[in-house]
Amino acid sequence: MSATDFPARGLRIGTRNSPLALAQVDQVSGLLRKIEPALDIEVVPVTTEADKWQGDLAQLGGKGLFVREIDQMLQRGQVDMAVHCIKDVPGDVPMPRGLIFAAYLPRDDVRDVLLVPEGSDMRTLADLPPGASVATSAVRRKAQINRVRPDLNVVRVRGLVGSRIDKLDGLRPMDHKLDAMVLAHAGLERLDLMHRARQVFEVGEMLPAVGAGALGLECRKDDDAVAYLLQQLNHERTMVEVTAERVLLHGLRGHCNSPIAGHCVTEPDGQLSLRGMVFSRDGSKFVHAHSWGESMNDPVVLGSRVCAELLRQGARDIIEGIPH
Ligand SMILES: NCc1[nH]cc(CCC(=O)O)c1CC(=O)O
């Protein structure tokens with residue numbers, strides 16, 4: 001196949017059947033049509049096993065569940081590409097055989113935000129009374145909330161962003177009455193729900209997840225036509241930053257209960273700045289490392305260096321100290 005196959009050949013995009021995933025596919029479809037106006041795009045939505053499962057995801061096989069089924073469809077040739085939140089792509093296993101991220105879109109806001117129930121006058125985490133319940137599913141967020149507010153009761157919520165917000169508003173049954181919830185800025189923005197955000201955490205207050213806010217466009221390595229098409233959307237800076245973060249994550253060899261944060265930015269002079277943190281479950285123990293790369297060309301060196309520094313400070317013991 002060659003780069004001239006489009007638009008004659010259709011493009012099937014495999015995606016989770018969630019409003020967030022569909023919004024992301026919509027965004028990508030729009031960008032692709034700017035390159036190839038006549039492109040025949042077919043969206044192939046899948047309800048993954050992880051979507052159907054209401055229990056603890058760890059019991060289903062842990063990380064990467066939401067992306068695995070889509071990747072298998074891509075490997076089998078049932079679809080031609082996929083759009084993944086890089087945050088959801090496991091960092092401790094190699095890329096699925098035969099697949100590549102051909103492009104990364106320019107990164108959206110990486111920060112986490114605090115939401116409160118409709119009608120609540122609480123504005124920030126600091127406003128919440130002792131013992132208040134804050135919902136999140138991410139161990140990284142829980143550790144960082146409890147690090148500054150050990151008195152808060154952090155409870156797990158799962159499910160689609162919209163139904164989580166319904167739980168916050170008391171529109172769906174929850175074991176606890178919720179006083180607040182932490183979600184990703186990027187996800188809320190894509191769902192046009194940022195009006196619900198009360199506090200946007202600065203990265204110094206809550207270090208983001210590795211890959212936060214970045215979308216990866218995945219295809220088969222040997223599908224030159226699709227790879228060529230997607231590469232035209234690649235945002236070099238995002239690719240470099242995400243690479244540094246993922247090298248860090250990979251080297252730490254976390255498990256699905258590991259509170260790990262990593263955040264890389266390109267400074268105005270072009271230097272890469274990478275921070276990494278590893279926490280105990282309640283955030284009372286943590287290690288932190290921050291280093292700079294000399295140029296945009298060494299995200300792998302930088303990721304390895306920050307990883308080595310975290311391990312030197314005892315990250316392994318913290319990770320192994322958490323049941324998994
Ligand atoms: N954990 C699920 C998930 N994966 C990616 C996003 C949002 C987009 C992103 O941060 O890249 C979300 C929702 C959330 O964490 O609130």
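A polar contact is a pair of N or O atoms within 3.5 Å; within protein, one must be able to donate a hydrogen and the other to accept it, and residues adjacent in sequence count only if both atoms are side-chain atoms. The structure described here is a predicted model, in which local features need pLDDT of at least 70 and side-chain atom pairs count only at pLDDT 80 or more, while totals for chains, interfaces and linings use all residues. Residues are numbered from 1 along each chain as its sequence is written, and side-chain values use heavy atoms, with hydrogens and water left out.

| Residue | Polar atom | Distance to a ligand oxygen |
|---|---|---|
| K87 | side chain | 2.8 Å |
| R141 | side chain | 3.1 Å |
| G213 | backbone | 2.8 Å |

Taken alone, the ligand exposes 390 Å², and the protein buries 87% of that (accessible area by the Shrake-Rupley method with a 1.4 Å probe). The shell around the ligand (residues with a heavy atom within 4 Å of it) includes C85, D88, L183 and A212. Its residues divide into 5 nonpolar, 2 polar and 4 charged; Gly counts as polar here, and Ala and Cys as nonpolar. Two elements give two or more residues each, β8 (180–184) and α6 (185–190), and α6 gives the most, with 3 residues. Helices (H or I, at least four residues) and strands (E, at least two) are DSSP runs.

The domain assignment, automatic or from a database, gives domain 1 (3–106 + 213–234), domain 2 (112–200) and domain 3 (245–320). Because domain 1 and domain 2 both give residues to the shell, the ligand lies between them.

The centres of domain 2 and domain 3, taken over C-alpha atoms, are 26 Å apart. Their contact (heavy atoms within 4.5 Å) takes 8 residues from domain 2 and 13 residues from domain 3. The area buried between domain 2 and domain 3 is about 740 Å², with carbon and sulfur atoms giving 67%; buried area is the accessible area (1.4 Å probe) lost by both parts on being put together.

Note on methods: Buried area is the accessible area (1.4 Å probe) that two parts lose on being put together, summed over both.
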